[in-house]
Amino acid sequence: MKSDSPKSATAPGGPPHVAFIQSCWHRDIVDQCRDAFLKEMDATGAAQIDLFEVPGAFEIPLQAQLLAKTTRYAAIVAAGFVVDGGIYRHEFVAAAVIDALMRVQLDTEVPVLSAVLTPQHFHEHATHVEFFHRHLAVKGVEVAQACRATLDNMGRLSLLADAA
């Protein structure tokens, strides 16, 4: 289940809302993660998915924070591809993105799951592109499984808090 625009908060007994943010840099590769995530989540009907795009991975944390602050989302998933363009910048971007995503989830208590990948070696030739197409599809399934498990854990924690 997916939509391209945010929905209101989850109705009682309905599936939770999950935001999926993807960067558009290397879209053809990152799309593989998104598509696999949606397929895996749709197979279980585990959540209502709202899709969001940002230009690059560096913009993902702010989008995640703004979405978390809406209180509409039970979880946020981030997908991106930060490549080594032959300069040090990719290490800075990757560290900044992952650190900021961790901070968003700790500050807002909304789980933020990352499928933002930083391959050590990536060159835009057929072999690497094909490999990372497949690899990001695997990561899409893995982040969907992690998202479902996290939503289950959060649900159990909520029941414990309600019982207390």
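**The whole chain**

Begin with the surface: the chain exposes about 8,900 Å², and carbon and sulfur atoms supply 57% of that. Areas here come from the Shrake-Rupley method with a 1.4 Å probe, and for residues only the protein chains shown count as cover. You're looking at a predicted model, where local features need pLDDT of at least 70, side-chain atom pairs count only at pLDDT 80 or more, and totals for chains, interfaces and linings use all residues. Residues are numbered from 1 along each chain as its sequence is written, and side-chain values use heavy atoms, with hydrogens and water left out.

Now colour by secondary structure. You'll find four helices and five strands, running β-β-α-β-α-β-α-β-α from the N terminus on. These are DSSP runs numbered from the N terminus: helices (H or I) of at least four residues, strands (E) of at least two.

How many of the 164 residues count as buried? The share is 41%, with buried meaning under 20% relative accessible area, exposed over 50%, and partly exposed in between (1.4 Å probe, protein chains only).

**First stop: helix H1**

Select residues 27-44, which make up helix H1, and pick out Asp-31. Asp-31 is buried, at 14% relative accessible area. Its side chain makes a polar contact with the side chain of Arg-34, at 3.0 Å. (A polar contact is a pair of N or O atoms within 3.5 Å; within protein, one must be able to donate a hydrogen and the other to accept it, and residues adjacent in sequence count only if both atoms are side-chain atoms.)

**Next: the aromatic rings**

Searching the whole structure turns up two aromatic pairs. Rings of Phe, Tyr and Trp (its six-membered ring) pair if their centres lie within 6.5 Å; planes under 30 degrees apart count as stacked, over 60 as edge-to-face and the rest as tilted.

Show Phe-20 and Phe-37: their ring centres are 4.9 Å apart and the planes sit at 35°, so this pair is tilted. Phe-20 is in strand E2 (residues 17-23) and Phe-37 in helix H1, so the pair ties together parts 17 residues apart in sequence. Phe-20 is buried at 0% relative accessibility, and Phe-37 is buried with a relative accessible area of 0%.

Then show Phe-52 and Tyr-73, an edge-to-face pair with 6.2 Å centre to centre and 85° between the planes. Phe-52 belongs to strand E3 (residues 48-54), while Tyr-73 is in the loop between helix H2 (60-69) and strand E4 (75-81), so the pair links parts 21 residues apart in sequence.
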